[in-house]
Amino acid sequence: MKLQSQPKDKPLKKAVHTLRKDLLPRLQKDEVQQSCLAIGTA
């Protein structure tokens, strides 16, 4: 992983932080909603 070889790379570190804190929880929430929708329409 590039972040491990260059830990002081600020833009990369910020992007990883954004992914972990913002996009992953949003993706998980969307998956839960889709599964609930699929169950409701079945």
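R26 and D22 sit four residues apart in helix α2, so about one helical turn separates them. Their side chains meet in a salt bridge, with 2.9 Å from N to O. That term is used for a side-chain nitrogen of Lys or Arg within 4 Å of a carboxyl oxygen of Asp or Glu. Side chains of opposite charge can pair when their charged atoms come close. By this rule, the count comes to one salt bridge.

This is a predicted model, where local features need pLDDT of at least 70, side-chain atom pairs count only at pLDDT 80 or more, and totals for chains use all residues. Residues are numbered from 1 along each chain, and side-chain values use heavy atoms, leaving out hydrogens and water.

How covered up are the two partners? R26 has 43% relative accessibility and D22 has 33%, so R26 counts as partly exposed, and D22 does too (buried is under 20% relative accessible area, exposed over 50%, partly exposed in between, with a 1.4 Å probe and protein chains only). Of the chain's 42 residues, 5% count as buried.

Now step back to the helices: the chain has two, and zero strands (DSSP runs, H or I of at least four residues for helices, E of at least two for strands, numbered from the N terminus). Helix α2 covers residues 10-41. At L19, α2 bends by about 35 degrees, the angle between axes fitted to the seven residues ending there and the seven starting there.

Technical notes: The expected span of a helix is 1.5 Å times one less than its number of residues.
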